[in-house]
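Keep the model open while reading.

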Amino acid sequence: MTAPAYGVLRQVSETASVLLENNPSTMTLEGTNSWVLRATPSAPAVVVDPGYRDLEHLERLAGVGSVELILLTHHHPDHAEGAPWFAERAGAPVRAFDPALCVDASSFVDGEVISAGGLNIRVLHTPGHTDDSVSLVLDGQVLTGDTVLGRGTTVLHDLGDYLRSLRKLIELPAGTVGLPGHGPELPDLPATAREYLSHREQRLDQVRSALKQLGADATPRQVVEVVYADVDRALWAPAEWSVQAQLDYLRSEEQG
């Protein structure tokens, strides 16, 4: 794979460019994708997910020109921490699903259409990774935050919510491009969401099998040691969070 170009604004489509933050890790892949959206090169920009309070990155992001609006896909610091500083630097408001993240603006409403940067951007509430996760739809593209990554799978907070969110994304037109918060672009987001859904259903079956082996009261760590035995142990801690979400889902099913 080609080494990522940090600090270089890369044009992805007619309306979307990306500036990759230099914060690689097992959780952020190559780093956080800060997206810059605008209808024409002369239009003011909409910036999505400024990233950490990383002043070098944020100053580069400010260098894209006039910024009309800042949008956040969710509250995690690798997406949102730098937003208040960047809002002041750019003189632009911040909108997010969580009102606590907003600056001089209201929070998102599911299904609303935001007109900014010469674009119409539709908000889809897609919880699961976090309660406040959204995807942003425009011009045959969707900014997915951490709901669907450029590669690999995301950590879950609530599996039931996540499965419903995947089904929302599957309903989008075939060939809709995914612009994720981490990793490369996805040429067909609905197809990827369908693969994610299949993967989650397979994982659920594996967790059910592990519970038969370990007992109904098995801990997330015990389940991880069985289900994720072939996965790098560095990823076992975040896998525990996803397994906890799967156990909560299965146990709520039994109670329901």
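E3 and strand E4 (residues 45-48) pair in the antiparallel sense, over three bridges. Trp 35 stands opposite Val 48 in E4. The model is a predicted one. On its other flank, E3 has strand E2 (residues 16-20) as a partner, again in the antiparallel sense, over five bridges. Here Leu 19 stands opposite Ser 34 in E3.

Is E3 buried or exposed? Strand E3 (residues 33-37) is mostly covered, with five of its five residues buried. Both faces are covered. Asn 33, Trp 35 and Leu 37 lie on one side, and Ser 34 and Val 36 lie on the other. So Trp 35, the residue opposite Val 48, is buried because it falls under the cut-off of 20% relative accessible area.

**The six-stranded sheet**

E3 belongs to an open sheet of six strands, in the order E1-E2-E3-E4-E5-E6, with mixed pairing. Strand E1 (10-11) and strand E6 (94-95) are the edge strands, and each pairs on one side only. E1 runs antiparallel to E2, joined by two bridges. In that pair, Arg 10 stands opposite Val 18 in E2. Helix H3 (residues 83-90) packs on this sheet and touches E4, strand E5 (67-71) and E6. The direction of H3 makes about 170° with that of E5. Helix H1 (residues 55-62) lies across E2, E3 and E4, and runs at about 155° to E2.

**The five-stranded sheet**

An open sheet of five strands has the order E7-E8-E9-E10-E11. Its pairing is mixed. Strand E7 (113-116) and strand E11 (177-180) stand at the edges. Each has a single partner strand, so one side of each is left without a neighbour in the sheet. From one strand to the next, the twist averages 25°. E7 and strand E8 (residues 119-125) run antiparallel, joined by four bridges. Ala 116 stands opposite Leu 119 in E8.

| Pair | Bridges | Facing residues |
|---|---|---|
| E1 and E2 | two bridges | Arg 10 and Val 18 |
| E2 and E3 | five bridges | Leu 19 and Ser 34 |
| E3 and E4 | three bridges | Trp 35 and Val 48 |
| E7 and E8 | four bridges | Ala 116 and Leu 119 |

**Helix packing**

Two packed helices are described by the angle between their axes and the distance between the axes. Helix H5 (residues 189-214) packs with two helices, H4 and H6.

The axes of helix H4 (residues 159-170) and H5 come within 8 Å and cross at roughly 150°. H4 and H5 are therefore roughly antiparallel to each other. Their crossing is left-handed. Residues of H4 in this contact include Leu 159, Tyr 162, Leu 163 and Leu 166. Among the H5 residues they meet are Leu 189, Pro 190, Ala 193 and Leu 197.

H5 and helix H6 (residues 220-227) pack at an angle of about 110°, with axes 9 Å apart. H5 and H6 are therefore roughly perpendicular to each other. H5 passes H6 in a right-handed crossing. From H5, the contact includes Arg 203, Val 207, Ala 210 and Leu 214. On the H6 side are Gln 222, Val 223, Val 226 and Val 227.

**Annotation**

The unreviewed UniProt entry places the feature "domain: Metallo-beta-lactamase" at residues 31-182. Over residues 31-182 the chain is 21% helix and 27% strand. The end C-alpha atoms of this stretch are 6 Å apart.

Conventions: Residues numbered from 1 in each chain as written. Predicted model: local features only at pLDDT ≥ 70, side-chain atom pairs only at ≥ 80, totals over all residues. Heavy atoms only, no water. UniProt positions renumbered as here; feature names shortened; annotations may be inferred. Buried < 20%, exposed > 50% of the residue type's maximum accessible area, 1.4 Å probe, protein only. Pairing = 2+ DSSP bridges. Axes fitted to C-alpha atoms, helices over the stretch in contact; angles between N-to-C directions. Parallel < 35°, antiparallel > 145°, perpendicular 65-115°, else oblique. Left-handed = near helix turned anticlockwise from the far one by under 90°. Contact = heavy atoms within 4.5 Å.
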